[in-house]
Amino acid sequence: MSGERYQVVIVGAGLVGAAAALALGRQGMRVALVERQPPSPPDDAWDARIYAVSPASQRFLERIGAWHRLDDGRLQPVFRMDVAGDGSGAIRLDAYEAGVSRLATILESGRLQSALWQAIEADGNVALHCPATIESLVRNGTSTQLTLADGTALEAELIVGADGAASRIRDWAGLAATRVPYGQSGVVANFECERAHRGTAFQWFFDSDILAWLPLSGNCMSMVWSTRSAHADALLMLEPAALAGKVRAAGHDRLGELRLLTPAAAFPLRLIRVAAAVAPGVALIGDAAHGVHPLAGQGVNLGFGDAETLATVLAQQRRGNCGDVRVLQRYARERAEPVQRMQAVTHGLHHLFSDDRAAWLRNSGMKLVDRLPPLKAMLVREAMS
């Protein structure tokens, strides 16, 4: 049985899947996007999910027509980042010193999701199937038959799995994933601050924990506290004032009194490695293709890099089948190095700061880096890419 024919069907319309659909649609490709439920319209409340979008990702979102749909009043540039170890080690990364306008832009997940969705609907280049769930997937020669629960049949040269860390597409394609749990959870919450943050992001390493404060507009900040799962559960049980006091003390009172704006939530931390991100007729992007520790805040930027690279590679393949594994391997090769590098850095830093025996090494290393402007400029360029 044949159905609606497309070059690419993307499963999962989260941030990365929606961005990939927009990018491919703007290349003139026949694209469909399958999603279980549409995003909720944003309201005035703060979203607990916050991302630090790199300048490279911002340029990509500008090109696909999503960035200008964001509310400027809810965007916060990061001009400086102060990182402190558990001893005397510290690093300061400064946009002005590096000769750039900003290190990143902090924004809310829900607002970016809404902007991407609006851009898809305005462009009209992507066939939306939402709400929709997949009933079956059958690979037949050079195409895949995808049947939705309502009976709709889609036929595609390429299925793109953008359906998250527990990807059904990855499992269906037999692309094995290795999960390494860190035994930690990331506790997230947003706070109003007594003192101005002036566009500074803070990060502290202590007692095997990592505490990050990301500046939000309106003199607010978003916290990500990576900590042992038992401690994370204890933090979630605290009353708002008590949690604000704990967070204030852990951050050495840098921003004065804190007032909780959103209920605290937690998510498990784990490293996800996928041996191969492609197979005949299948490509993985975003969390379906990799998972990294949030200490560097680069997970969503890696995903946008996947979407941009896949769109570029497929656009260069104007003739032939999009699902040709030889074409898809070009995408996989281009993404392998940045993904593996980020996983190695974040995994290594996690172990370095969770080992008490390495205290002298890590603090001495931070002091050394802070005294070497060329090395700091290199770190800034890496974070912006």
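Helices in these legends are DSSP runs of H or I with at least four residues, numbered from the N terminus, and the model shown is a predicted one.

**View 1. The end of helix α7.** Helix α7 is followed by histidine 252, whose phi is positive, near 55°.

View 2. Within α7, which spans residues 240–250, the buried residues are Leu243, Ala244, Val247 and Ala250. These four lie on the same side of α7, because they cover an arc of only 130° around the axis. Residues three or four places apart in an α-helix point the same way, since there are 3.6 residues a turn. Ala241 and Ala249, by contrast, are exposed on the other side of α7.

**View 3. The packing partners of helix α7.** The buried residues of α7 pack against the strands β12 (177–193), β13 (200–206), β14 (209–216), β15 (220–228) and β16 (258–260), and also against helix α6 (229–236).

**View 4. An open sheet of three strands.** The strands follow the order β3-β7-β4, and their pairing is antiparallel. Both β3 (50–53) and β4 (76–78) stand at the edges with a single partner strand each, so one side of each is left without a neighbour in the sheet. From one strand to the next, the twist averages 30°.

**View 5. The pairing of β4 with β7.** Strand β7 (residues 104–108) is joined to β4 by three bridges, and the two run antiparallel. In this view glutamine 76 stands opposite isoleucine 106 in β7.

**View 6. Helix α4 on the sheet.** Helix α4, formed by residues 109–123, lies across β3 and β7 and runs at about 85° to β7.

Technical notes:
Residues are numbered from 1 along each chain as its sequence is written. This is a predicted model: local features need pLDDT of at least 70, side-chain atom pairs count only at pLDDT 80 or more; totals for chains, interfaces and linings use all residues. Side-chain values use heavy atoms; hydrogens and water are left out. Buried means under 20% relative accessible area, exposed over 50%, partly exposed in between (1.4 Å probe, protein chains only). The arc is that of the directions from the helix axis to the C-beta atoms. Contact means heavy atoms within 4.5 Å. Two strands pair if DSSP finds at least two bridges between them. Axes are lines fitted to C-alpha atoms, for helices over the stretch in contact, and angles run from 0 to 180 degrees between N-to-C directions.
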